[in-house]
Amino acid sequence: MDDIEASHAQLLSELSTAIDTADNLDTLEAIRVAELGKKGRITGMMKELGKLEGDARKTAGQSLNKLKTAIAASLEDRKDAMAGAELNARLMEERVDVSLPARPQTQGFIHPVSQTIDEVVAILGEMGFSVAEGPDVEDDWHNFTALNIPPDHPARQEHDTFYLPGGNPDDPEERHVLRTHTSPVQIRTMQNQEPPIRIIVPGRTYRCDYDATHSPMFHQIEGLVVDKATHMGHLKGCLIEFCRAFFGVDDLPVRFRPSYFPFTEPSAEVDIGCTREGGGLRIGHGDDWLEILGSGMVNPKVLENCGIDSTIYQGFAFGLGIERLAMLKYGIPDLRTFYESDLRWLRHYGFSALHTPSMVGGLER
Ligand code: PHE
């Protein structure tokens, strides 16, 4: 080995030690600049090669190139090793202890409307209902006509319903309305699905109303069952079970009071037992009744309007107001506060985002 090669080998061994003991990327970069940078030592030595002659220049050039490649490679290796070590250190530090209990939640709550929808869906989902949806902007036919709602029905009046521009001006049944109830989804489902049908429909509904118990936008959940042998006993069993589960009172008194809806026949309003003694309202036993939902056997005319043979199929339907259920269950006195986006209200009446209502895990927490 001639002198040049020996001195290169010596240099490489010195630099390798420096590189291998460097403990951060900055030190490595400093070494790279000092040796291989534009004004670096090795770069300078490359420039000096020009002064040598013939064979000497060739040998020195080859040796210098080898040195350069070796330094670059050892810088790369060290860099990789550092990245690996850093990753390992981070993995050690960020190790998750999955046995820790969840930290108490201080921000972000589930709104009582969402909570109540989730609770109702948990109860009725368990009974075999699946969730269906429909548009908020309906047409007159789905919202009224198909549901056997006569032209002079109060719900059809301009001052009760929000009508929108659009639709076909020559055909009143194509007039656009903000749906006044979730019942048009009964129609859409029966048009598109063969019985047996078992759906619930949570969604927004709209009416020209505004006071402590009415808001122009509110939420309902519709229920619809259609099958060959569905009867009033199924309606009663389903709704009694629902009321008891929702309010968490196993023997809650439930009463079916004859009523009228154009789309059901017979129709029944459902009341639950309560007491108003001592000023406040308590759900459960008492000598008073509180109306909570509307229901009935699907009117055969409605089945026929959807192309379902009413001599083969029958069914029941119900509709309930979400805000009303939430107000009763959680003691919220004024409906308007649901939509004021007041964080203090939400912190008070809101629910943990970490808990999803279910029949096994419990409805609320
Ligand atoms: N759509 C009715 C309402 O909004 C409720 C209802 C639904 C009644 C289904 C009977 C059957 O008042």
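This is a predicted model: local features need pLDDT of at least 70, side-chain atom pairs count only at pLDDT 80 or more; totals for chains, interfaces and linings use all residues.
The chain is divided into two parts, with domain 1 spanning residues 2–94 and domain 2 spanning residues 112–349. A distance of 78 Å lies between the C-alpha centres of domain 1 and domain 2.

A pair of helices comes next. Two packed helices are described by the angle between their axes and the distance between the axes. For helix H2 (residues 25–36) and helix H4 (residues 54–93), the axes come within 11 Å and cross at roughly 170°. Angles over 145 degrees count as roughly antiparallel, so H2 is roughly antiparallel to H4. On the H2 side, the contact is made by Leu25, Leu28, Ile31, Arg32 and Leu36. The H4 side contributes Lys68, Ile71, Ala72, Leu75, Arg78, Lys79 and Met82.

Attention now turns to Gln314, which is found in strand S12 (residues 314–321). Leaving aside residues up to four places away in sequence, Gln314 touches Val225, Val226, Asp227, Lys228, Ala229, Thr230, His231 and Leu303. One of these neighbours, Thr230, has its backbone oxygen 2.8 Å from a polar atom of the Gln314 side chain. Gln314 and Thr17, by contrast, are 297 residues apart along the chain, and their C-alpha atoms are separated by 88 Å.

Notes: Residues are numbered from 1 along each chain as its sequence is written. Side-chain values use heavy atoms; hydrogens and water are left out. Helices (H or I, at least four residues) and strands (E, at least two) are DSSP runs, numbered from the N terminus. Contact means heavy atoms within 4.5 Å. A polar contact is a pair of N or O atoms within 3.5 Å; within protein, one must be able to donate a hydrogen and the other to accept it, and residues adjacent in sequence count only if both atoms are side-chain atoms. Axes are lines fitted to C-alpha atoms, for helices over the stretch in contact, and angles run from 0 to 180 degrees between N-to-C directions. Angles under 35 degrees count as roughly parallel, over 145 as roughly antiparallel, 65 to 115 as roughly perpendicular and the rest as oblique. Domain bounds come from an automatic or database domain assignment.
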